[in-house]
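Student: Could you take me through one part of this fold closely, namely how the sheet is put together and how the helices pack? I would enjoy one connected account.

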Amino acid sequence: MTKIEAIIKPFRLTEVQEALTAIGIQGLTVTEVKGFGRQKGHVELYRGAEYKVNFVPKLLILTVVPDELAEKVMEAIQKAAYTGKIGDGKIFLSPVSDVMRIRTRETGPEAL
């Protein structure tokens with residue numbers, strides 16, 4: 001199994017969710033996060049005063065999939081989250097050794 005974590009722009013969430021649903025992904029977790037990379041924040045205007053926003057709002061999407069779907073999921077996220085502008089995000093893949101569904105105590109791929 002593979003854990004996929006993707007950091008995306010918030011306004012691309014619907015497209016990413018639809019892309020993942022279309023390839024059969026049944027569950028994901030979304031968390032609002034803030035951070036910076038090459039984008040390095042931006043300047044905003046509030047009541048006539050400029051101020052620097054160092055941490056840019058993003059969404060962190062998390063899902064765990066069978067290994068054979070990982071590449072397909074990564075490609076679907078990349079296509080759906082792509083805007084061509086700096087700050088589109090990143091996708092991280094990590095191996096998962098086991099998983100358990102709490103309610104039924106199922107483990108492994110059956111628990112996904």
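Tutor: Gladly! A word on terms before we start: two strands count as paired if DSSP finds at least two bridges between them. The model here is a predicted one. With that in mind, its open sheet has four strands in the order 2-5-1-6, and the pairing is antiparallel. Strand 2 (29-35) and strand 6 (89-95) take the edge positions, each with a single partner strand, so one side of each has no neighbour in the sheet. On average, neighbouring strands are turned by 20° against each other, direction ignored.

Strand 2 and strand 5 (residues 56-65) run antiparallel and are joined by seven bridges. Here Gly35 stands opposite Val56 of strand 5.

Now for the helices. Helix 1 lies across strand 1 (2-8), strand 2 and strand 5, and runs at about 10° to strand 5. Helix 2, for its part, lies across strand 1, strand 5 and strand 6, running at about 5° to strand 1.

The helices also meet each other. The axes of helix 1 (residues 13-22) and helix 2 (residues 70-81) come within 8 Å and cross at roughly 150°. Angles over 145 degrees count as roughly antiparallel, and the two helices are therefore roughly antiparallel to each other. Their crossing is right-handed. From helix 1, Glu15, Val16, Ala19 and Leu20 take part in the contact, meeting Val73, Ala76, Ile77, Ala80 and Ala81 of helix 2. Sorted by class, this contact of helix 1 with helix 2 has eight nonpolar residues, one charged residue and no polar ones.

Notes
Residues numbered from 1 in each chain as written. Predicted model: local features only at pLDDT ≥ 70, side-chain atom pairs only at ≥ 80, totals over all residues. Heavy atoms only, no water. Axes fitted to C-alpha atoms, helices over the stretch in contact; angles between N-to-C directions. Parallel < 35°, antiparallel > 145°, perpendicular 65-115°, else oblique. Left-handed = near helix turned anticlockwise from the far one by under 90°. Contact = heavy atoms within 4.5 Å. Nonpolar A, V, L, I, M, F, W, Y, C, P; charged D, E, K, R; others polar.
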